[in-house]
Amino acid sequence: MNKLFLALLSGLILAFSWPSIGFFALIFIAFIPLFILEEKAESSKQVFGYSFLAFFIFNVITTYWVYHASPFGALCAFIVNASLMAIAFWLFHKIKIMSSDRTGYMSFIFSWISMEYFHLNWDLSWPWLILGDVFADFPIIVQWYEFSGFLGGSFWVLLINILLFRLYKSNYK
């Protein structure tokens, strides 16, 4: 599959899994095209560039409304947020190259949740796109957030994506 297509597909699946736009269950496959892309990439620059594109699409579609308040502010927010997400994905890629697949995927969960936590606790906080918030319209299925918080939901989303990708990969071979 074409890398550009995989990046676009991942960005669109992320966006269309978001509350009020699409169906939340799509979030469980949203990272699979990016994982395929990461394995096909010829360089770390490609991983960063294509993941940035995917996350930029996700940001623009889900938070387009910020544009009505400030076009320049919206563009800056889209770029900063997509960059932070792409850095987390790039870090996973670099760690995976230097170690093993298992360590790499564990680092992905750690780097993504760390990025979300950081993003919630600095002056440019952007709380709208925390993965655990994807279930906002269905609180009945996340009653356990009482114990883990919404970052526990992010962990769940990332873990399911990794497990489904590993299943896809084992069946594809």
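Q: In which helix is Lys96 found?
A: Lys96 is found in helix α4, residues 71-98; helices (H or I, at least four residues) and strands (E, at least two) are DSSP runs, numbered from the N terminus. The model is a predicted one, in which local features need pLDDT of at least 70, side-chain atom pairs count only at pLDDT 80 or more, and totals for chains, interfaces and linings use all residues. Residues are numbered from 1 along each chain as its sequence is written, and side-chain values use heavy atoms, with hydrogens and water left out.

Q: Why is Lys96 called buried?
A: Buried means under 20% relative accessible area, exposed over 50%, and partly exposed in between (1.4 Å probe, protein chains only). Lys96 has a relative accessible area of 10%, and is therefore buried.

Q: What makes the pair Glu38 and Lys96 a salt bridge?
A: A salt bridge requires a side-chain nitrogen of Lys or Arg within 4 Å of a carboxyl oxygen of Asp or Glu. The side chains of Glu38 and Lys96 meet at 2.7 Å, N to O. Because Glu38 lies in helix α2 and Lys96 in helix α4, the pair ties together parts that are 58 residues apart in sequence. Both Glu38 and Lys96 are buried.

Q: How do you know that Glu39 forms a salt bridge with Lys96?
A: The closest N and O atoms of Glu39 and Lys96 are 3.5 Å apart, and the criterion is within 4 Å. Glu39 lies in helix α2 and Lys96 in helix α4, so this pair ties together parts that are 57 residues apart in sequence.

Q: Which residues are linked in a network of salt bridges?
A: The network links Glu38, Glu39, Lys96, Asp101, Arg166 and Lys169. A search of the whole structure finds 6 salt bridges.

Q: What makes the pair Lys3 and Glu42 a polar contact?
A: A polar contact is a pair of N or O atoms within 3.5 Å; within protein, one must be able to donate a hydrogen and the other to accept it, and residues adjacent in sequence count only if both atoms are side-chain atoms. The side chains of Lys3 and Glu42 make such a contact at 2.9 Å. Lys3 is found in helix α1 and is buried, with a relative accessible area of 15%.

Q: Why is Trp122 called partly exposed?
A: Trp122 has 27% relative accessibility, so Trp122 counts as partly exposed. Trp122 is found in the loop between α5 and α6 (145-148). A polar contact of 2.8 Å joins the side chains of Trp122 and His119.

Q: How do you know that the span of helix α3 agrees with its number of residues?
A: The expected span of a helix is 1.5 Å times one less than its number of residues. Helix α3 (residues 44-62) has 19 residues and should span 27 Å; its end C-alpha atoms are 27 Å apart, which agrees.
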